[in-house]
Amino acid sequence: MEQQNEDHNRTLSSGVPGLDNILAGGLTRDRLYLIEGEPGTGKTTLALQFLNEGVRLGESVLYITLAETIVELSSVAHSHGWTLDGIHVEEIIPDQSALAPEQQYSIFHPSEIELGTTTQRILAAVERYKPTRAVLDSLSELQLLAENPLRYRRQVLALKQYLASRNCTTIFLDDRTALSTDLQVRSVAHGVITLDLASQSYGTERRRLRVVKYRAVAFRGGSHDYRILYGGLQVYPRLVAAESRVTSLRRQLSSGLPELDHLLGGGLEEGMSTLVAGPPGSGKSTVAAQFVAAACARGERAAMFLFEEARNNMLNRAESLGMKLNQAVEDGLLTVQQVDPAELTPGQFTQAVVEAASGGARVIVIDSLNGYLNAVPDEQFLSTYLHELLTYLGQRGVVAIVVGVQAGLMGGAMTTAVDASYIADNIITLRYYEMQGEVRQAVAVFKKRGSSHERTLRAFRIGMGGIQVGDVLAGLHGVLTGVPTSSGQDAPPRGKP
């Protein structure tokens, strides 16, 4: 597929962050492209970004509008901090005189005259400004004037050939508001991009972009999240981990706690993902923060993405346990981002994690899996989303730590939101158990792919001095059930970890 793109190196940038990545470099010059989507999906904004990129490069650009006035276009541009300076705008809109009775046609059908007049004005504008980039907004008006599919198709074909002969790269916008929707322009256009707006049961709407067609170019298929922000559209390309496979040696990274490292067989290997699972309040986030603190103490970068706990609360809690995360943030070694699942799309979150890895983060924490689940409306694809992300991080040599809250407090039937054996290379489990009238905690490593590990249950406690990993619970049987029994050996004394 890469060979396909080698013959089409004459491309120009769309001006939309992330879109050129999906288009394998940009838009092939002197071709016709169709941007389709219902009103409100951002077609006009995308078109203005396309033209503004041409203005930035010193090109002549033209916006032909059959529906919106120049005042309305200026308002759209102003809302993003732009102006229409450098963009030639041709308004082909009936003025108010068309409402007068003497202007109504009686012998000829209005469309027969108006379509010809509209076409002549479009051609005249192209001849006058000689643009290298042009936008026609919108095709619905042409379709209504053409009245029948044959006439409409011939009109679009003629415009396509004319603009291509003038070395003009053109975008046609279609808002799908015509009386009938067909595939006439899709078959004519060199490339087709669809913008979609889907309402969610709760939170912000979700916007997706899909390249339906791009002749002779190996574009990135599938749906890609995008948002309309101040400054225009921002597209978040779908992550494909297979595109970045690399082979490298892996070091073991210490947690900073000798007892925990011993349990893990030395530490966590670079490029491996780890699930820290346990019931609420068992210390999962604290264990994840311990690995972050150890990395920052070594002078390595780290990043944390918090779906549930407030950023300030987490930093203050870590500080009270002796983890110097506030200092790491000030030194630029640690970034902590609080995520609102109702406002963040999966693509946007993935892009933020990828940027953290590209910025040199060696340890990345996602806290928690349940919060990530809420950020993905298509719950049946959560495992695929997360597996692709963790695979990408693994190929970058990043230690990825995912916190998973298990349902229930005690017992052997506790489960996480998704299949842990599928998404994680390593699994650290924290459990509560009852002993001598006291609720205690235990820690164990259930799975580890990078190296051998200790297969024991150890006492676990979080105190003022931080995390304490104690002795093996050799005197107890059935700890995982929550109500262990003595196996004849001495049980850990009350109050000890």
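User: How do helix 3 and helix 4 pack, and how far apart are their axes?
Analyst: Helix 3 (residues 43–56) packs on helix 4 (residues 70–79) at about 80°, and their axes are 10 Å apart. So helix 3 is roughly perpendicular to helix 4 (65 to 115 degrees; under 35 is roughly parallel, over 145 roughly antiparallel, the rest oblique). Axes are lines fitted to C-alpha atoms, over the stretch in contact for helices, with angles from 0 to 180 degrees between N-to-C directions.

User: Which residues make that contact?
Analyst: T44, T45 and L48 from helix 3, with L73, V76 and A77 from helix 4. Contact means heavy atoms within 4.5 Å.

User: What are the ground rules here?
Analyst: The model is predicted: local features need pLDDT of at least 70 and side-chain atom pairs pLDDT 80 or more, while totals for chains, interfaces and linings use all residues. Residues are numbered from 1 along each chain as its sequence is written, and side-chain values use heavy atoms, without hydrogens or water. Helices (H or I, at least four residues) and strands (E, at least two) are DSSP runs, numbered from the N terminus.

User: What about helix 13 and helix 15?
Analyst: Their axes cross at roughly 10° and come within 11 Å. Helix 13 and helix 15 (382–395) are therefore roughly parallel. Helix 13 brings P346, F349, T350, V353, V354, A357 and S358; helix 15 brings Y385, L389, Y392 and L393.

User: Which strands does helix 13 lie across?
Analyst: Helix 13 (346–358) lies across strand 15 (301–306), strand 16 and strand 17 (361–367), at about 155° to strand 17.

User: What order do the sheet's strands take?
Analyst: 16-15-17-18-14-19-20-21-22, an open sheet of 9 strands with mixed pairing. Pairing takes at least two DSSP bridges. Strand 16 (334–338) and strand 22 (466–472) are the edges, each pairing on one side only. Neighbouring strands are turned by 20° on average, direction ignored.

User: How does strand 21 join strand 22?
Analyst: They run antiparallel, with 5 bridges. R461 has Q468 in strand 22 as its bridge partner.

User: Switching to cores. How many residues are in the largest nonpolar one?
Analyst: It has 39, and V292, M304, L325, L334, V363 and I401 have the most contacts inside it. Helix 10 (284–297) gives the most, 8 residues. A core is a set of buried (under 20% relative accessible area, 1.4 Å probe, protein chains only) Ala, Val, Leu, Ile, Met, Phe, Trp, Tyr and Cys residues joined through side-chain atoms within 4.5 Å.

User: What does V292 touch?
Analyst: Beyond neighbours within four places in sequence, V292 contacts A302, M304, L325, L334, V363 and V365. A second, separate core of 34 residues includes V16, L27, A47 and V217.

Definitions and conventions: Buried means under 20% relative accessible area, exposed over 50%, partly exposed in between (1.4 Å probe, protein chains only).
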